[in-house]
Amino acid sequence: MSFVFEVPKDYGYVLAVATSSLFINTYHKILTSMARRASGIPYPTPYATQEQADKDPKAYKFNLAQRAHSNFTENHTPFITALLIAGLRYPGPATYAGAGWVAGRFAYAYAYTKYGPKGRTFGYISSQVGKLALTVMAVLTCYSLVQGA
């Protein structure tokens, strides 16, 4: 059985939030590039060794920036997936939850890179609240589509 795929009129806001998340990646690239340059760790070395990080605060800061970027890439795909699905049925709430995730990820990037693991708490919690809401909405959206089929 087939059906017509129609997006809600407010789905543009969902897409705007998805697009805004791309700027977080750019922010991470800037933070990581600056930390790499300051530490002198050459490409393609992905992280400073533990010995380097223990001896050189700039190498440690590079590792923080690199890890924050890795954490973002680990979380971005599930976020986008949940956002785009949730927005099909709940465009307003998905927009707000997605915007919360984006704001939390900016906070995470800044604070983790600047203050280390203890600095990530606020950004992590706020982004995970948004992601949890999006995941629940995505599940409900899928359920409603399956039931309507």
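**Model and numbering.** I note that this is a predicted model, in which local features need pLDDT of at least 70 and side-chain atom pairs count only at pLDDT 80 or more, while totals for chains, interfaces and linings use all residues. Residues are numbered from 1 along each chain as its sequence is written, and side-chain values use heavy atoms, with hydrogens and water left out.

**Phe3.** I placed Phe3 in the segment before helix H1 (11-39). Helices here are DSSP runs (H or I, at least four residues; strands are E, at least two), numbered from the N terminus. Phe3 counts as exposed because its relative accessibility is 63%; the classes are buried under 20% relative accessible area, exposed over 50%, and partly exposed in between (1.4 Å probe, protein chains only).

**H1 against H3.** I checked how H1 sits against helix H3 (residues 57-89): their axes come within 9 Å and cross at roughly 170°. The two helices are therefore roughly antiparallel to each other. By class, the contact of H1 with H3 has 20 nonpolar, ten polar and four charged residues. Axes are lines fitted to C-alpha atoms, for helices over the stretch in contact, with angles from 0 to 180 degrees between N-to-C directions. Angles under 35 degrees count as roughly parallel, over 145 as roughly antiparallel, 65 to 115 as roughly perpendicular, and the rest as oblique. For the classes, Ala, Val, Leu, Ile, Met, Phe, Trp, Tyr, Cys and Pro are nonpolar, Asp, Glu, Lys and Arg are charged, and the others, Gly among them, are polar.

**Salt bridges.** I took a salt bridge as a side-chain nitrogen of Lys or Arg within 4 Å of a carboxyl oxygen of Asp or Glu. The count by this rule is two salt bridges. Side chains of opposite charge can pair when their charged atoms come close.

Lys55 is exposed at 66% relative accessibility, and Glu51 is exposed at 53%.

I found another between the side chains of Arg67 and Glu74, at 3.0 Å from N to O. Arg67 is partly exposed at 29% relative accessibility, and Glu74 is partly exposed with a relative accessible area of 46%.

Ala53 and Asn63 are ten residues apart in sequence, with 7.6 Å between their C-alpha atoms. Met137 lies in helix H5 (residues 121-148) and counts as buried at 10% relative accessibility. From Met137 to Ala53, 84 residues apart along the chain, I read a C-alpha separation of 42 Å.

**Cis bond.** I checked the loop between H1 and H2, where Pro44 is placed. The peptide bond from Tyr43 to Pro44 is cis, with omega near 0°. Most peptide bonds are trans.

I placed Tyr90 in the loop between H3 and H4, and Tyr90 is partly exposed at 23% relative accessibility. The C-alpha atoms of Tyr90 and Trp101, eleven residues apart along the chain, are separated by 16 Å. Ala103 is in helix H4 (residues 91-115) and counts as partly exposed at 47% relative accessibility. Ala103 and Gly148 are 45 residues apart in sequence and 34 Å apart in space, C-alpha to C-alpha.
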